[in-house]
Amino acid sequence: MVPVAHLDRQAPLDSTQTDIAFQGNYAFVGNYNGFVIYDIRNPKKPTIKSQVLCPGSQNDVSVYGNLLFLSTDSSRNNNSCNSTSQPATEKSSWEGIKVFDISDKAAPKYVAAVETDCGSHTHTMVPAKDKKSVYLYISSYSPNATFPDCQPPHDKISIVKVPVKAPAQASLLKAPVLFPDGANPGRPGNIETGYTAATTGCHDITVYPQLDLAAGACMGDGVLWDISDRENLVEINRVQDDKNFAFWHSATFNNSGTKVVFTDELGGGGAATCNEKIGPTRGANGIYDIVGKGKDRKLVFKSYYKIPRMQADSENCVAHNGSLIPVPGKDIMVQSWYQGGISVWDFTNSSKPREIGFFERGPMPNNGGGGTWSTYWYNGYIYSSEMGRGFDVIDMRDPRTFAAKFFRTDQLNVQTQGNFYRG
């Protein structure tokens, strides 16, 4: 794992860096203050093409054609990029999804905004089958009776529809209740004793459009949906793990769509959970095989994976965002672990996952929080969004992943998976 490039954050986007999307020779990186477009034509010498100041955490990002979508999950006084913080207790406050035209990478243009209940913590871009529009599955959670636009129980997502040729007409299509039974009621406790979050919405959803599947990481629940009808998610199976999972955070299918890796964000990303006290089965990945056919498919637990290196008690560390590495016939993933660094691991054998490579810098200065938020493979290199430090490019020089260097794609939104080796 050889670092080949690093760019520090630059003002005015010197806040926390978040998720990454890719298109052509560009990487789009979210930031609590907006988003950055990096030119990665030469991965060893990336440059900043442009920065867009548009505060509104977390600013989760995805791209499609000439469009960029940006999540706002902090209460603002309006939907503009000049907005300021305003309490969610005020009815006029705004949270939701923003749409930008990125046809000119040097000067993106803000074209639309759609308000959604409880904001948009994350979103998942789902192309319509006719390609004339895209759907955004908006995930949000933590309702409060004092928030006019975020009322409990909030057991739902929001679906926004964006016409590709008329993005200014983006609108809220519906907000379907996905858990009419209330889902997981949760289990009280703390990081040391263990706990399970009550489900009040989803944290993140990953779709595999070619297979008409979606996997939802929904706080206390892991869910498999049929999305044959993009506007109507139909539950296939739901699982819980109240023994070891605290917060179902994200999901990744393997390339064949026969497995799902769910992550557990124990402690919310701000705690030191990669130590002997917490152990190997909490704050980890859960690997599930998809067994059966059609509506009878089930998620069957096989094993946990957690980085094997103990981290200092000052280092926030837990399973976070990663992507598949396109190695034919293998299930290999690169993944962020905050200050636990970057881990590359093989789960071809669902019951016996193992690490095959890693990169980490060690603790942040003065015991500060930070580390890598998202780490993804794109066109031969590993790209990492370092929360406090900036943008990293890593070259993995290993015969086990060498074949992946020959795979090319012109767009990558990790939560919108496609088959690497079929159209």
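This is a predicted model: local features need pLDDT of at least 70, side-chain atom pairs count only at pLDDT 80 or more; totals for chains, interfaces and linings use all residues.
Four strands make up an open sheet, arranged in the order E6-E7-E8-E9 with antiparallel pairing. The edge positions are taken by strand E6 (58–64) and strand E9 (109–115); each has a single partner strand, so one side of each is left without a neighbour in the sheet. On average, neighbouring strands of this sheet are turned by 25° against each other, direction ignored. Strand E6 is joined to strand E7 (residues 67–76) by 5 bridges, and the two run antiparallel. Within this pair, Val 61 is placed opposite Leu 70 of E7.

The loop between E8 and E9 contains Ile 102. Its relative accessibility is 0%, so Ile 102 counts as buried, the limit being under 20%. The C-alpha atoms of Ile 102 and Gly 65 are 8.4 Å apart in space, while the two residues are 37 residues apart in sequence. Gly 65 is also among the residues that Ile 102 touches when those up to four places away in sequence are not counted.

Strand E2 pairs with strand E3 (residues 26–31) through 5 bridges, and the two strands run antiparallel. In this pairing Gln 23 has Tyr 26 of E3 as its bridge partner. The two strands form a hairpin with 2 residues between them, and Gly 24 in the turn has a positive phi of about 55°. Strand E2 also pairs with strand E31 (residues 411–412), in the antiparallel sense and over 2 bridges. Here the bridge partner of Gln 23 is Gln 411.

The model contains 4 disulfides. With bonded cysteines counted along the chain, they follow the pattern 1-2, 3-4, 5-6, 7-8. Three of these links are described below.

The sulfur atoms of Cys 54 and Cys 81 are 2.1 Å apart in their disulfide. This link is left-handed, with -80° about the S-S bond. It connects distant parts of the chain, 27 residues apart: Cys 54 is in the loop between strand E5 (47–53) and E6, and Cys 81 is in the loop between E7 and strand E8 (94–101). Both cysteines of this pair, Cys 54 and Cys 81, are buried.

A disulfide also joins Cys 202 to Cys 218, with a distance of 2.1 Å between the sulfur atoms. The link is right-handed, with 75° about the S-S bond. Cys 202 is in the loop between strand E15 (194–196) and strand E16 (204–208), whereas Cys 218 is in strand E17 (residues 213–218); the pair is 16 residues apart and links distant parts of the chain. Cys 202 counts as buried at 0% relative accessibility, and Cys 218 is buried with a relative accessible area of 0%.

In the disulfide of Cys 274 and Cys 317, the sulfur atoms are 2.0 Å apart. The torsion about its S-S bond is about -75°, so this disulfide is left-handed. Distant parts of the chain, 43 residues apart, are linked by this pair: Cys 274 in the loop between strand E21 (259–264) and strand E22 (285–291), and Cys 317 in the loop between strand E23 (298–305) and strand E24 (322–325). Cys 274 and Cys 317 are buried.

Ser 350 is located in the loop between strand E26 (342–346) and strand E27 (354–359). Ser 350 has a relative accessible area of 6% and is buried. Its side chain makes a polar contact of 2.7 Å with the side chain of Asp 289. Apart from residues up to four places away in sequence, Ser 350 touches Lys 259, Ile 287, Asp 289, Lys 302 and Ser 303.

Notes: Residues are numbered from 1 along each chain as its sequence is written. Side-chain values use heavy atoms; hydrogens and water are left out. Two strands pair if DSSP finds at least two bridges between them. Axes are lines fitted to C-alpha atoms, for helices over the stretch in contact, and angles run from 0 to 180 degrees between N-to-C directions. Buried means under 20% relative accessible area, exposed over 50%, partly exposed in between (1.4 Å probe, protein chains only). A polar contact is a pair of N or O atoms within 3.5 Å; within protein, one must be able to donate a hydrogen and the other to accept it, and residues adjacent in sequence count only if both atoms are side-chain atoms. Contact means heavy atoms within 4.5 Å. A disulfide is a pair of cysteine sulfur atoms within 2.5 Å.
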